[in-house]
Amino acid sequence: MLNGFATRRAALLGAGATALTLPGHSRAATPATVNIGFFTETKPTMLAKGDGWFEAGTGGKLNWTEMGSGADINAAITAGSCDLGLSTGSAATAAGIAQGLPFKLIGMVDNIGPAEEMTVRTAAGIKTPADFKGKKVATPFGSTSHFRLLGFLKTNGLTQRDVTVLDMKAAAIVAAWSRGEIDAAYVWAPAKSKILADGGTVFPTYEALDKAGYVIADLIVVRDGFAEQYPDAVTGFIKAYGRALAMYLKDPNATADIVAKQAGVTPAVALSDMKEYDFVPLAEQATPAWLGGTPQDPGKFAHVLKGTADFLVEQRSIKSAPAVDAFQKATDTTYLKKALA
Amino acid sequence: MRTLPAWTITVLSVLLITAAWVGVTSGGLVRDLFLPGPLDVWSGLMELIDDGYKGRPLFLHVGMSLYRVGAGFVTGALVGTALGLGMGYMPKLNALAAPFIEFLRPLPQLAYLILLIIWLGIGETSKITMLFLAALPVSAIAARDGVANVPPERVRVAQALGASEWQIFRHVIFPSALPEILVGARLAAGIVYGTLIASEIIAGSSGIGWMVMDAGRFLRSDYVFVGIGMIGLAGIVIDQALLFIERRVVHWAGR
């Protein structure tokens, strides 16, 4: 199975390379338009978007398309209608790399940390993992939260027979919560903040899950064809995010004001949302502690992606997963390094 | 050359498309993520039959979907037909209900998905209600128009023969409107069926429509094809069954 997969991937890459070396294929320095798949979020990405830094960095006109999920970004990149995916989840990225989709992981927006977390109804009296038996837990399927929730069940010896796991979009979770129909939810802000304010309590899971290898992160991916044609635009994009990240780390309040406008929330909400995420500086991202590494000696994140993909195979969400070196090969830190230089 | 009978053209077109499918997929021209070959789909089907999908056996997913479609269609068509007959017979009732029926009919069900969750929750009630609301207006309008199209001389003849109001309704109006009611029912069944996936978005994780969406998220195209195949074939069976009933019940229609 693995061999068949590897040859298909090689064939695909080979085909891509041939297309690029065709005679008469012109290379422009800057792209005319760049299609970006994104999510409206309360993060420094919205500062770089709102203040036009991304636009200046790539040198092209940006065409922003709001996506429903990381899986949508995978599909759009595969179809060639998305060049850069901003804040796509690590679960979708692991699946895409395992399937040999034509993109590279080039940077991290954040390490999700406690920003996505289990919320339980205070009145349901859930104190230990065993208390989840017979309860209804909702999460958007295919998301990083779903991955964490399944990891939580697995590491605590619970199955989907013990706990009813429901597939719901974030907005539907808020609606079902307000009617008292679900006992718990694994989701992100703003849905998480809303249900916390409506009789919810955080049930901490992320520290134990992080240690058990269920790390989740929001990532930046680039379509192979685009990166090969416009490497400088990709570097400029990463650089713009680095600038926004530095500004946030230096002056969180001023950043929150701009992010709040873009996301349509109050600055206080934007600030408290952002504090939940672990924003890793670009210099750290390029080291083997995160994205750095070589196929012979893969870094931490390649192992995280491999673990995620194996888990998705177990769930039969994808057919097979390659060895860990394939995940490092699909990670390209040259743009991070050039942006830092 | 003699013209080909219609069924041979059908067989030929199915064979041609299948051959093209086999040709394109077996030559390695496209990756199985984009278009799985017949063998991929077959092994996907076998996997689903053996192991089920995400904790539920395949027959249960199919059964849940058929139950939802059946319940939504039967309730929606019955209530819609009764309402439509009333609307056709009593102009005041028509004036009362028509704006709502006309408003509801073209409304995309996804538009009120969240409202159904808030009002009725995430269980079967909200799913079946969505399908009920999809079937109701179509059936109502078909029944109303069926009544409106009854030739007035038939009613007058019955009146002249001294038939009571109920007798006229029972023996003249209802049978005359029945062909249109049954055509409306078939149309409603198609719409309910098309709404199935929207209703199964409400909250997973069961049903063949949900399975197709969930498998599609990470491009499990083999499962998506199995699901689409089953939905399509079951749709043909349902439509043919309704057509059979229509022909048996109103065999005089159109003659």
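Mentor: Chain A has 17 helices and 10 strands; helices (H or I, at least four residues) and strands (E, at least two) are DSSP runs, numbered from the N terminus. This is a predicted model, in which local features need pLDDT of at least 70 and side-chain atom pairs count only at pLDDT 80 or more, while totals for chains, interfaces and linings use all residues. Residues are numbered from 1 along each chain as its sequence is written, and chains are lettered from A and ligands numbered from 1 in the order in which they are written.

Trainee: What is the radius of gyration of chain A?

Mentor: The radius of gyration is taken over C-alpha atoms, and the globule rule is 2.2 Å times the number of residues to the power 0.38. For 341 residues, a compact globule would come out near 20 Å, and chain A agrees with a value of 20 Å.

Trainee: How many of the residues of strand 10 of chain A are buried?

Mentor: A residue is buried if 20 or more other C-beta atoms lie within 10 Å of its own, exposed if 12 or fewer, and partly exposed in between, with C-beta atoms placed from the backbone. In a regular strand the side chains alternate between the two faces of the sheet. Both faces of strand 10 of chain A are covered, with A:Leu219 among the buried residues on one side and A:Ile220 among those on the other. Strand 10 (residues 217–223) of chain A is largely enclosed by the rest of the structure, because its buried residues number seven of seven.

Trainee: Which residue of strand 10 of chain A is the bridge partner of A:Leu105?

Mentor: Two strands pair if DSSP finds at least two bridges between them. Strand 4 (residues 103–111) of chain A runs antiparallel to strand 10 of chain A, joined by seven bridges. Strand 3 (residues 84–89) of chain A is also antiparallel to strand 10 of chain A, with five bridges, and there A:Gly85 has A:Val221 as its partner. For A:Leu105, the bridge partner in strand 10 of chain A is A:Val221.

Trainee: Which element gives the most to the side of chain A that touches chain B?

Mentor: Two residues are in contact if their C-beta atoms, placed from the backbone, lie within 7 Å. By that rule, 22 residues of chain A are in contact with 17 residues of chain B. Strand 7 (164–167) and helix 7 (170–178) of chain A each supply at least two residues of the side of chain A that touches chain B. The most, four residues, comes from helix 7 of chain A.
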